[in-house]
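Subject: Structure for your review

Dear colleague,

Please find below the structure that I am handing over to you. My notes on what was found in it follow directly after.

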Amino acid sequence: MADTSDAEAVGMPQLDFSTFDNQIFWLVLTLLVIYFILSRVALPRIESVLAERNGTITNDIAAAEELKMKAVEAEEAYEKALADARAEAHRIIDEAKAEIQKELDVATEHANAEIAARTAESEKRIGEIRASAMESVSEVAKDTAKEIVSAFGAKADARSVTAAVNARLKG
């Protein structure tokens with residue numbers, strides 16, 4: 001009979017009401033130690049990593065905005081250069097026409113040849129300015145696209161960025 005009473009007394013120690021005080025004490029002590037370790041060690045490290053990432057993202061976004069502004073400025077400079085070149089071409093044409101009008105009786109054929117030569121030269125200069133401006137716009141767009149893609153955490157190779165920018169510039 002003594003064996004059966006010992007068997008009944010033996011069971012899960014967590015359910016033994018006589019040890020509840022010790023269990024609660026160790027539970028509270030363990031939770032306090034875990035809280036102390038988390039609040040003093042783990043959470044500050046996590047917070048510093050998050051703050052660093054936030055700063056990096058903010059800086060990348062600011063750099064992307066700056067590159068975007070540079071692209072807009074380059075486009076405006078291109079438009080202004082194109083307008084100036086056209087105005088210069090028209091001014092040259094007008095001067096040539098005025099000169100031809102004055103000397104019409106003497107050298108009509110000579111004046112027409114001179115106008116044609118100056119017009120070709122002006123168009124060539126416009127073409128050079130346009131090509132230079134488009135090259136600048138393309139480079140700024142590529143840099144901006146790379147920065148934006150890296151700001152989102154992705155990695156873009158130069159070939160795909162170049163292809164995307166070229167496709168967008170073509171229409």
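How many salt bridges does the structure hold? The structure holds 5 salt bridges, a salt bridge being a side-chain nitrogen of Lys or Arg within 4 Å of a carboxyl oxygen of Asp or Glu. Details of several of them are given further below.

Two remarks on the basis of these notes come first. This is a predicted model, in which local features need pLDDT of at least 70 and side-chain atom pairs count only at pLDDT 80 or more, while totals for chains, interfaces and linings use all residues. Residues are numbered from 1 along each chain as its sequence is written, and side-chain values use heavy atoms, with hydrogens and water left out.

Overall form

The chain contains 4 helices and 0 strands, where helices (H or I, at least four residues) and strands (E, at least two) are DSSP runs numbered from the N terminus. Along the sequence, the pattern is therefore written α-α-α-α. The radius of gyration of the chain is 40 Å, well over the 16 Å that the globule rule gives for 171 residues, so the chain is more spread out than a compact globule. Here the radius of gyration is taken over C-alpha atoms, and the globule rule is 2.2 Å times the number of residues to the power 0.38. Taken along the principal axes, the C-alpha atoms fill a box of roughly 145 × 30 × 15 Å.

Of the 171 residues in the chain, 13% are buried; buried means under 20% relative accessible area, exposed over 50%, and partly exposed in between (1.4 Å probe, protein chains only). The chain exposes about 13,600 Å², and carbon and sulfur atoms supply 60% of that area. These areas come from the Shrake-Rupley method with a 1.4 Å probe; for residues, only the protein chains shown count as cover. Among contacts (heavy atoms within 4.5 Å) between residues at least 6 apart in sequence, 61% join residues at least 24 apart.

Helix 2

Helix 2 covers residues 20-102, which is 83 residues. From its first C-alpha to its last, helix 2 reaches 117 Å, close to the 123 Å expected at 1.5 Å a residue; the expected span is 1.5 Å times one less than the number of residues. At Leu-38, helix 2 bends by about 40°, the bend being the angle between axes fitted to the seven residues ending there and the seven starting there. The buried residues of helix 2 include Ala-64, Leu-67, Tyr-78, Ala-89, Ile-92 and Ile-100.

Lys-70 forms a salt bridge with Glu-66, with the closest N and O atoms 3.6 Å apart. Both residues lie in helix 2, 4 residues apart, about one turn of the helix. Lys-70 is partly exposed at a relative accessible area of 43%, and Glu-66 is partly exposed at 46%.

Asp-84 is bridged to Lys-80, and the closest N and O atoms are 2.9 Å apart. This pair is also placed in helix 2, with 4 residues, about one turn of the helix, between one position and the other. Asp-84 counts as partly exposed at 40% relative accessibility, whereas Lys-80 is exposed at 52%.

Glu-95 forms a salt bridge with Arg-91, where the closest N and O atoms are 2.3 Å apart. Glu-95 is partly exposed at 40% relative accessibility, and Arg-91 is partly exposed at 38%. A network of salt bridges links Glu-88, Arg-91 and Glu-95.

Which residues does Ser-122 touch, not counting residues up to four places away in sequence? They are Ala-89 and Ile-92, both of which are among the buried residues of helix 2. Ser-122 itself lies in helix 3 (residues 104-151) and is buried, with a relative accessible area of 6%.

Ser-138 also lies in helix 3 and counts as buried at 9% relative accessibility. Leaving aside neighbours within four places in sequence, Ser-138 is in contact with Val-165, Asn-166 and Leu-169.

Ala-158 belongs to helix 4 (residues 158-170) and is partly exposed at 42% relative accessibility. The C-alpha atoms of Ala-158 and His-110 are separated by 53 Å, the two residues being 48 residues apart along the chain.

Yours sincerely,
A colleague
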